[in-house]
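Please read it alongside the coordinates.

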Amino acid sequence: MEHALDITLTVNGTPVSRRVQARQHLVDFLREELGLTGAHVGCEHGVCGACTVRVDGAIVRGCLMLAVQANGCRVETVEGLSDSKEIARLQKAFHEKNALQCGFCTPGMLLAAQDLILSSKKPTREEIRNHISGNYCRCTGYQAIVDAIEEVTRG
Ligand code: FES
Ligand code: FES
């Protein structure tokens with residue numbers, strides 16, 4: 001029989017308490033229990049980065065972390081971060097540079113880019129490429145994404 005546990009965490013600034021299945025992944029918890037569908041489920045194996053969210057300030061793969069592991073943590077998704085200065089500027093730049101097509105990778109890409117902006121003021125294009133190397137995009141060829149992130153970092 002599946003094991004269920006009670007967890008309490010903060011999601012986008014709001015305290016949340018739920019009983020979850022021990023094996024439920026964080027991204028599935030966010031999407032299915034809380035309706036936060038900004039983080040996507042792609043590979044489910046920690047490879048594509050579509051499921052990226054922030055936990056206690058660090059970006060993590062929501063498909064590799066269990067919901068129970070987020071007990072007591074501060075979780076932020078693209079929905080909660082979209083008012084932040086960096087994400088708002090990134091969204092504008094992504095739009096202007098055509099850095100998204102299907103948009104599947106975009107929430108994870110925005111969180112990875114924000115993480116870089118918060119840690120490094122003027123990254124090189126190489127550093128930008130390295131930082132988003134764990135976020136796969138099937139559509140754009142990455143050039144426009146790097147252009148958009150670079151524009152924001154040159155601010
Ligand atoms: S769905 Fe998590 S890394 Fe691909
Ligand atoms: S815009 Fe389609 S996967 Fe990146």
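1. The expected span of a helix is taken here as 1.5 Å times one less than its number of residues. The model under discussion is predicted. Helix α4, residues 106–119, counts 14 residues. From its first C-alpha to its last, α4 reaches 20 Å, close to the 20 Å expected at 1.5 Å a residue.

2. How many of the 14 residues of α4 are buried? The number is 12, so α4 is largely enclosed by the rest of the structure. The cut-off for buried is under 20% relative accessible area.

3. Two packed helices are described by the angle between their axes and the distance between the axes. For α3 and α4, the axes come within 10 Å and cross at roughly 125°. That angle makes α3 oblique to α4. The crossing of α3 past α4 is right-handed.

4. On the α3 side, the residues that meet α4 are E86, I87, L90, Q91 and F94. Their partners in α4 are T106, M109, L110, L111, A113, Q114, I117 and L118. Sorted by class, the contact of α3 with α4 holds nine nonpolar, three polar and one charged residues.

5. Helix α3 (residues 85–96) also packs against helix α6 (residues 143–154), at an angle of about 135° and with the axes 9 Å apart. This makes α3 oblique to α6. The crossing of α3 and α6 is right-handed.

6. Which residues form the contact of α3 with α6? From α3 come R89, L90, A93, F94 and E96, and from α6 come I145, A148, I149, E151 and V152. These residues divide into seven nonpolar, no polar and three charged.

7. In helix α1, which spans residues 26–33, the buried residues are L26, V27, D28, F29 and L30. The cover over the buried residues of α1 includes β1, β2 (14–21), β3 (52–55) and β5 (74–76). After α1 comes G35, with a positive phi near 70°.

8. L9 belongs to strand β1, residues 4–11. Is L9 buried or exposed? With a relative accessible area of 2%, L9 is buried. Leaving aside neighbours within four places in sequence, L9 is in contact with T14, P15, V16, F29, A70, G72, C73 and V75. One of these, F29, is a buried residue of α1. L9 and R125 lie 116 residues apart in sequence, and their C-alpha atoms are 36 Å apart in space.

9. Most residues other than glycine have a negative phi, and most peptide bonds are trans. E44 is not a glycine, yet it has a positive phi of about 60°. E44 is found in the loop between α1 and β3.

10. Y142 is another residue other than glycine with a positive phi, near 75°. Y142 sits in the loop between α5 (125–131) and α6. At 25% relative accessibility, Y142 counts as partly exposed.

Key: Residues are numbered from 1 along each chain as its sequence is written. Chains are lettered from A and ligands numbered from 1 in the order in which they are written. This is a predicted model: local features need pLDDT of at least 70, side-chain atom pairs count only at pLDDT 80 or more; totals for chains, interfaces and linings use all residues. Side-chain values use heavy atoms; hydrogens and water are left out. Axes are lines fitted to C-alpha atoms, for helices over the stretch in contact, and angles run from 0 to 180 degrees between N-to-C directions. Helices (H or I, at least four residues) and strands (E, at least two) are DSSP runs, numbered from the N terminus. Angles under 35 degrees count as roughly parallel, over 145 as roughly antiparallel, 65 to 115 as roughly perpendicular and the rest as oblique. A crossing is left-handed if the near helix is turned anticlockwise from the far one by less than a right angle, and right-handed if clockwise. Contact means heavy atoms within 4.5 Å. Ala, Val, Leu, Ile, Met, Phe, Trp, Tyr, Cys and Pro count as nonpolar, Asp, Glu, Lys and Arg as charged, and the others, Gly among them, as polar. Buried means under 20% relative accessible area, exposed over 50%, partly exposed in between (1.4 Å probe, protein chains only).
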